[in-house]
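Here are some exercises to work through with the model open beside you. Try each task before reading its solution.

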Amino acid sequence: MKENLIKTFTSLLLLVIFINSCNFYKPVTKPLTGTTSDKVSMIDSLSNRTIILHSNQGVFLIKNFIVNEESESILGFLAEVPEDNQRYLQAKGKKYNYKNSEPEVLREAHIYTGVDLNNLPVNIGDQVNIPLNSINKLEVIERDKKRSSENTVFTVLGVTAGALVVAGTITVLTSCPFISAYDGQEFVLQGESFGGAVYPSLAREDFIPLPALDVGREMKVMIHNELKERQYNDFADLIMVSHLPGEQVVVDPNGNLKIVKQKIGPSIASLNQDKDVLPRLTESDNFLTNFNELEDESAINQILVGFDYPRSEYKPTLYLNLRNTYWLDHLFGEFTSKFGSKHVTWQEKQRERPAEELLAWQESQYMPLAISVKTKGGWKEVQKLKTIGPLINREVAISLEGFEIEGPTVEIALTTGFMFWEIDQVALVLVEEVSPNSIKLLKPNLVLDENGNDVIKPLLEKDGVYLEQLEMGNRAYISYYFDAFNPNKHYTAFLHTSGYYEPIRDFKGKPDRKFLTKFKKPGTLPKYSRFKYLELTGDTYLGAK
């Protein structure tokens with residue numbers, strides 16, 4: 001009874017984290033330079049945002065916002081700023097934080113004007129005309145990925161893992177090596193590497209974006225083990241891409257680097273052809289879309305997304321900002337716990353199985369995210385995206401080149417098991433390949449462990465010789481020297497690494513053979529996920545969204 005109560009508490013705690021985890025935002029000043037047409041385009045791009053006007057007469061919401069290029073002005077009607085949009089206005093000491101359940105601040109744009117509204121109507125409901133040349137500053141609210149990453153680690157490791165240690169229940173987190181970048185003051189978590197590669201045969205390469213990295217002549221990255229597992233890293237190359245200011249560089253799962261020339265938001269998006277999820281997928285705001293439809297007993301969920309497709313010289317690519325759920329991590333932990341005292345024996349047998357068999361089982365349980373595109377010949381599978389971990393969102397590019405897309409609409413299907421993935425943003429991006437001349441590959445110059453020992457040799461080449469991090473608290477502090485660094489250029493950084501990891505578990509009791517045998521049948525894990533969710537919470541959380 002006590003164990004069941006603890007497990008129930010554990011699962012509910014995970015759901016509470018989903019709802020209430022605190023994230024951070026930041027005001028980003030946008031330049032209003034260039035021609036009048038440039039200014040109009042910049043402000044017009046804010047049409048999907050909540051526009052808040054700051055003037056010497058007060059702060060107002062602007063409703064029915066339009067930009068008039070002919071008169072070079074903004075037109076709209078004054079309204080009171082709603083309570084949902086007071087967070088930034090009332091923020092003190094730059095404590096720019098918000099909850100997942102309250103993401104409205106991420107849709108705001110703030111316009112500051114010096115125009116004297118005394119000569120204009122300032123009553124609520126009146127129309128105003130704000131000249132473009134009177135705008136002193138334009139701010140767009142965006143998610144602060146760096147600070148949110150730090151908070152995610154605190155929430156999960158400090159709260160979830162701590163609670164589980166105290167409770168004495170199964171370990172929920174089975175993560176992979178953590179990757180952190182030095183931002184000039186401290187190491188900031190950037191992501192997890194080679195997620196799901198839990199056996200030597202599943203060892204694979206990964207490319208982790210490092211947006212927080214302080215780029216200069218010397219750069220520092222840390223690979224660290226924070227959980228109860230053994231981790232094996234083969235190499236650690238730093239990829240530096242130089243590009244024009246404002247350009248976004250993305251990478252696909254195979255390491256192909258692309259420059260985004262145009263990003264197109266979805267025009268339609270639905271979950272299981274029933275629930276409209278378009279508002280959640282338009283912006284990168286941590287307002288996540290979950291595969292959580294309960295109606296279908298198969299527990300297979302699918303998001304259909306449509307984009308207007310302008311023919312272009314650039315290559316069509318699907319952009320995803322996403323991650324796995326903590327729920328999947330917890331669920332798989334429950335599954336493995338049913339092996340009881342035989343878990344180590346089962347784990348050894350899994351180590352001997354070929355990768356093809358292991359991956360086939362994962363696919364039969366809908367753990368990867370299956371990505372398909374509608375073509376002239378019907379729906380075609382593009383890729384099955386391997387798990388990437390639950391800690392940090394990952395930006396991923398999936399090429400659509402070579403598929404006969406009819407247009408004028410691109411239709412994409414994203415399919416997975418119940419609550420296995422969650423998506424922050426999806427877009428169709430038109431890209432060009434990064435020139436080889438813009439790419440610089442850096443090898444480690446210095447690698448020290450947590451005790452100051454030199455451990456550089458295993459990380460220099462992809463040779464099957466691994467840096468072994470066998471205990472919690474093991475660190476590898478890696479320094480890279482960038483002799484060709486040019487302070488006048490802009491760079492995007494990625495860590496290219498490879499390896500695998502092995503969770504360490506000490507389960508007790510007899511194996512539940514009847515339960516485990518069920519998972520030989522395809523589609524059992526999604527059904528079990530739905531069953532556990534309904535057993536624990538009904539539809540009080542996700543089903544209501």
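Buried means under 20% relative accessible area, exposed means over 50%, and partly exposed is in between, using a 1.4 Å probe and protein chains only. The model is predicted, so local features need pLDDT of at least 70 and side-chain atom pairs count only at pLDDT 80 or more, while totals for chains, interfaces and linings use all residues. Residues are numbered from 1 along each chain as its sequence is written, and side-chain values use heavy atoms, with hydrogens and water left out.

**Exercise 1. Classify E297 and find the patch that it belongs to.**

Step 1: locate the residue. E297 sits in the loop between β18 (289–290) and β19 (300–308); strands here are DSSP runs of E with at least two residues, helices are runs of H or I with at least four, and both are numbered from the N terminus.

Step 2: apply the cut-offs. The relative accessibility of E297 is 63%, so this residue counts as exposed.

Step 3: look for partners. Together with D274, E295 and D296, E297 forms a negative surface patch. Patch members have over 30% relative accessible area and no salt bridge, and like charges are joined within 9 Å. Asp and Glu count as negative, with the charge placed at CG of Asp or CD of Glu.

**Exercise 2. Check the length of helix α5 and describe its cover.**

Step 1: work out the expected span, which is 1.5 Å times one less than the number of residues.

Step 2: consider accessibility. In α5, 11 of the 12 residues are buried, among them W327, L331 and F335.

**Exercise 3. Which helices do E334 and K532 tie together?**

Step 1: find the contact. The side chains of E334 and K532 meet in a salt bridge at 3.8 Å, N to O; the rule asks for a side-chain nitrogen of Lys or Arg within 4 Å of a carboxyl oxygen of Asp or Glu.

Step 2: E334 lies in helix α5 and K532 in helix α9 (residues 524–537), so the pair ties together parts that are 198 residues apart in sequence.

Step 3: check the surroundings. Both E334 and K532 are buried.

**Exercise 4. Describe the salt bridge between E401 and K315.**

Step 1: the N to O distance between the side chains of E401 and K315 is 3.9 Å.

Step 2: E401 is in the loop between β23 (394–399) and β24, and K315 is in strand β20 (residues 315–324), so this pair links parts 86 residues apart in sequence.

Step 3: E401 is partly exposed at 45% relative accessibility, and K315 is partly exposed at 26%.

Step 4: R230, E348, R351 and E502 are linked in a salt-bridge network.

**Exercise 5. Buried or partly exposed: how do M419 and Y366 count?**

Step 1: read the backbone. Neither residue is a glycine, yet phi is positive, at about 65° for M419 and about 60° for Y366.

Step 2: M419 is in the loop between β24 (409–417) and β25 (421–433), while Y366 is in the loop between α7 (355–364) and β21 (369–375).

Step 3: classify. M419 has a relative accessible area of 1% and is buried, whereas Y366 has 34% and is partly exposed.

Notes
Patches are made of residues with over 30% relative accessible area and no salt bridge: like charges are joined within 9 Å, nonpolar side chains (Val, Leu, Ile, Met, Phe, Trp, Tyr) within 5 Å. Accessible areas come from the Shrake-Rupley method with a 1.4 Å probe; for residues, only the protein chains shown count as cover.
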